[in-house]
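Let's walk through this model together, one chain at a time. Keep the sequence and the 3D view side by side as you read.

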Amino acid sequence: MNSPRTRRRMTNIVMFAITGACTLGAVSVLFFILGYLLWQGGHALNLDFFTKLPAPVGETGGGFANAILGSAKLLVLASLIGIPIGFLGGVYLAEFGGTTPAFVVRYTTDLLNGVPSIVMGIFAYRIVVVTMGHFSTLAGGIALGVMMIPIAVRSTEEFLRAVPNTLREGALALGATKWRAVATVVIPAALPGIITGILLALARVAGETAPLLFTAFGNLFWSPGWNQPTASLPDTIFKYAIAPYEDWHQQAWAAGLVLLTLVLVVNIAARFILRRQRRDLRG
Amino acid sequence: MKINVGRVNFYYGKQQALYDVSTRIRQQAVTALIGPSGCGKSTFLRSLNRMNDLIPGARLEGKVELDGEDIYSDEMDVIHLRRRVGMIFQRSNPFPMSVYDNVAYGVRVNKLARKRLEVDEIVEKTLRAAALWEEVKDRLHRSAMSLSGGQQQRLCIARALAVEPEVLLMDEPASALDPISTAKIEELIYNLKQSYTIVVVTHNMQQAARISDETGFFLNGRLVEFNETKRIFTAPAVRETEDYITGRFG
Amino acid sequence: MPLSSTVAANAGAPRRVRPLARRLQRGDQIAHLITLIFAATIFIVTALLFYELYTGALLTRQKFGWSFLSGTTWDPVALEFGALPFIYGTLVTSALALIIGVPLGVGAAIFLAELAPLGVSDGLAFIIELLAAVPSVIYGLLAIFTLVPFLRDYVAPLLQSTLGFLPLFQGQSYGVSLLAGGSILAIMVLPFIISISREVLLAVPREQREASLALGATQWETTWNVVVPYAKAGIIGSIFLALARALGETMAVTMVIGNDPRINLSVFAPGYSIAAAIANEFSEATGDMHISALIELGFVLFCITIAVNAVARLLILTTTRKSGAT
C-alpha cells in the first residue's frame, strides 16, 4: 500500500527538481554571457577604444571610435523614421481604431514585426542602395528605422489604451474636442511608458547586425555625412570575431562588452519605469 | 424647467436600455435618480450631455431639450453642450497633472480666459466654491494624484465648475468615498444648487432623501415614478417604488 | 455664490456653425487624418517590402521557377542556383533548436509558474526577459569561442561513443556545424518559450488546480495532467513563435554553422542556412542573377516566417481567450 504513494511523492520531487534545473540553466546563461564578456573584454577596454580608428591589419592597438559614432548616427536616422511613424500610428490605433483601416494596419504591423532582420536589409538595399548606387549610412538607418516601427506602434498603443477611459471622458465633459483630450490629457498620461517603449525599440535595433551588412556595409575610417558606408558596433564585432587575428578577437570582446552594457542598462531601466507606469495607470 | 425630456428610447446596439422616458428637470434644484443597478439611471444621465455618443452603436430616439433647444439636433454643437452641462464621474478622475492645471484645463480648452491672472482668479474662485481652497492653496502645483480620494472628487467638481456650466450631472459622486468625504460632498451639492441645476445618480436612498428636491425612480429602463423627494419617500404612488425604498427589493 | 453672475452671462445662445466646417476647424478630422496617414505608411511600407522582394527575385524566378526550391547546387560562378541546401540547413538548425529548447523552456516555465513563489518567479522572469534583449551578434561571438569548442571536444565524442551508430552522429566533427547552429538557436529562443509559456500557465484558473489537488493528486500530477493540458495551445503558440525567431535568425547562426552549401545528414557536419547565405554573399554578389537568387532566398524566408508567426499568434490568442486573461 505504501510503495505507490512513496513513488508518487518521489516523482513529484524529482520532476520539480528537473524543472528547477531548467530554470537555473536558463538564468545562468545571462550571467555566463556577462561574466565571460567582462573577463575577455574588460582588459581590452581602454581610452583608445573610444577615441581611435581601427588599426590597419598587421598593427596592434587602435579603437572603435568610428563604429561608435556610426552606430549613433544610424540610431538617429532610425529614430527619425521609426518614432514619428510608430508613435502616430500607435495613436491612430489606440484612439481612432475599431475600423477596417485600423484592422488592416494592426495586422500589417504584426506582419512587419515578424519579418526577419536580414530580409529588412534586402528591402533597404533595394530601395536605397540600388537607387543611390552605393552603400550608405542612410540605407542602414532606413533599415533600422523600419524595424523600429512595429515595436514603437505596439508600445504606444498599449500605453494609450492603459490610460483609463474616465480621463478621456473627463476631458470631453469639460468641452474639450477629441484630439484636444488626446493631446493634452491622454498622451501626457501615457508619455513615460511610450518613451520607455521607444527606448526599448532603440536598444533592440542598436544591436542589429544583419540589416546593416549590405546597407551601411562597414568602414575602417570615419564616415562623414550620410552618403557613405559606415562602420557600426555590431557590424564591427561580427567582422572582428570571424577574422583570424587574436588581437582583433580581443577588440571584438571589448566592443561586445560595450554594446551589451548599453543594451542591458536601457532594458533594466526601462523595465523598472514601465512597471511603475503600469501600476500608476491602474491605481 | 431647465431640461425637458420627451419619450426617450435608448439602445446599445440592439439592446434597449431606456423605454419611453419623459420628465422635466427643475432649474436650481437637485434632482436625484435612484434605482437598482442596471436600471438605466446612468444611461439616462449620460444622455443629457451626449456622453453616450462615445459608445459605438449607441442610439437615442426622442427629444432632450436644454432651455427649449433640442440637444440632439444637427445644429447642436456637442462641445459647447458639454461645456454647459458639466459632469462628475463615479470615480474621481483627476488628470495626471498639477491641481492648478486640472482646474485650469477646461478654462484653457474653452479659451474662457487668456491672461495668467484671470486663470489664477478662476482657479481660486472655483476651488473655494468646491470647498477645497483651504486644503490645497499651498500645493496648487503639486500633482493632483497626491490628494486624498475625497479631495480628488472635490477637485473634479471644481474642475467642472471652472468652465461655468449651467447644469451639473453627477454619476454616484460619493460612492467610492469614506463617510466623512461623502458628507463634505453632500454639503457641497446642497450649496451648489443655489447656482446650478444638479442631477445626481445615486444608489444610496438616504443620500437621495438628504440632498435632493425631486427624485426619479428607474426600474428596468423605465422611469417608474418622478416626484418631489418628500412625496417619493413618504407616500410613493407606485408599488415598485415602495418596494424599492423599503428594501423589499434586490 | 460667486459664480452665479458669470453663469448668467455665459448662458447665451449657442454658436451655430455648419457642422462640417466646425469639425474641421476644431481639428478632430485633421488629427484623425494625420494619424491615419502615418498609420497607412506602415501598410505601404509592408506592401512595398513584399513588392520589392517579389520583383527583386524576378530573374531567378523566370529562369528556375519552382526548381529553385528543389535544386541542390548553389554555384554563383556557373549561375546555377538551387536553394535546397539552405532550406535544409534552416529547417535542421531550427528543429534542433526546438528539440533542445522546448523541454528546457517548458520545464523552466513550469517551475516559474507552479513552484516558485511569485516574487522569485517575477525576478527570474525579469532576468530571462533580459536574455531576449541580448543582441544576436553577441550570442554569436560567445558561441564561436565557447560553444563550438565545447561541442567539438566534449559533446561530439560523447554522442559518437553512445549513439554513433546513427547516421545523424557520424563523421568528423569540426565544431562549426548544424549542431552548433541549432544549439545557439536553442539558447536564443529559450526566453521566448519561457516568458510566454509562463504567462499562459499563470493564466490557468486556480479552481482547475484546486479541483485536482482536492482529488488527492500530487502537485506534479496536477501540473502535468491538468494545468499543462489546459495551457497547451498557448505553449504550442510560444513554440511556434520561437520557431519563427529561429528560422529568421541570422548573425549567431552565420558565425557557427560552417557555411557549407551541401546537404549532410550528420549534425556534426557544417551546413548553411538561408539567412546566413544572404548575410555572407549579398554584399559580394557578382551579377544580377546572383543578387536575384539571394533576394528569392529572402522571399522564401519571409513567406515561411510569416506563416509560422500567423499560426503562433492564432494559438496564443485562442488560449488567452479561453481563460479570459489578456
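Start with chain C, where buried residues make up 49% of the 326 residues. A residue counts as buried if 20 or more other C-beta atoms lie within 10 Å of its own, as exposed if 12 or fewer do, and as partly exposed in between, with C-beta atoms placed from the backbone. This is a predicted model, in which local features need pLDDT of at least 70 and side-chain atom pairs count only at pLDDT 80 or more, while totals for chains, interfaces and linings use all residues. Residues are numbered from 1 along each chain as its sequence is written, and chains are lettered from A and ligands numbered from 1 in the order in which they are written.

The secondary structure of chain C consists of 15 helices and two strands. Here helices (H or I, at least four residues) and strands (E, at least two) are DSSP runs, numbered from the N terminus. Look next at contacts, meaning pairs of residues whose C-beta atoms, placed from the backbone, lie within 7 Å. Among contacts in chain C between residues at least 6 apart in sequence, 77% join residues at least 24 apart.

Now turn to chain A. The C-alpha trace of chain A spans about 75 × 70 × 35 Å along its principal axes. Chain A has a radius of gyration of 24 Å, whereas a compact globule of 283 residues would have one near 19 Å. That radius is taken over C-alpha atoms, and the globule rule is 2.2 Å times the number of residues to the power 0.38. In chain A, 56% of the 283 residues count as buried. For contacts in chain A between residues at least 6 apart in sequence, 72% join residues at least 24 apart.

How is chain A divided? Domain 1 covers 1–42 and domain 2 covers 47–282, with bounds that come from an automatic or database domain assignment. The centres of these two domains of chain A, taken over C-alpha atoms, are separated by 35 Å. Five residues of domain 1 of chain A are in contact with five residues of domain 2 of chain A. On the domain 1 side of that meeting, two residues are nonpolar, three are polar and none are charged. In this grouping, Ala, Val, Leu, Ile, Met, Phe, Trp, Tyr, Cys and Pro count as nonpolar, Asp, Glu, Lys and Arg as charged, and the others, Gly among them, as polar.

Next, see where chains A and C meet. The contact takes 70 residues from chain A and 67 residues from chain C. Which helix gives the most to the side of chain A that touches chain C? It is H1(A), with 18 residues. That side of chain A divides into 48 nonpolar, 16 polar and six charged residues.

The largest nonpolar core has 276 residues, and C:Ala143, C:Ile184, C:Ile193 and C:Val256 touch the most other members. Domain 1 (1–42) and domain 2 (47–282) of chain A both give residues to this core, so it lies between them. A nonpolar core is a set of buried Ala, Val, Leu, Ile, Met, Phe, Trp, Tyr and Cys residues joined through C-beta atoms within 7 Å. Not counting residues up to four places away in sequence, C:Val256 touches several residues, including C:Ala143, C:Leu147 and C:Ile184.

Finally, visit chain B, where four strands form an open antiparallel sheet in the order S2-S1-S4-S5. Its edge strands are S2 (15–25) and S5 (69–70) of chain B, each pairing on one side only. Two strands pair if DSSP finds at least two bridges between them. Strand S1 (residues 3–12) and strand S4 (residues 58–66) of chain B pair in the antiparallel sense over eight bridges, and B:Phe10 stands opposite B:Leu60 in S4(B).

Notes:
Two residues are in contact if their C-beta atoms, placed from the backbone, lie within 7 Å.
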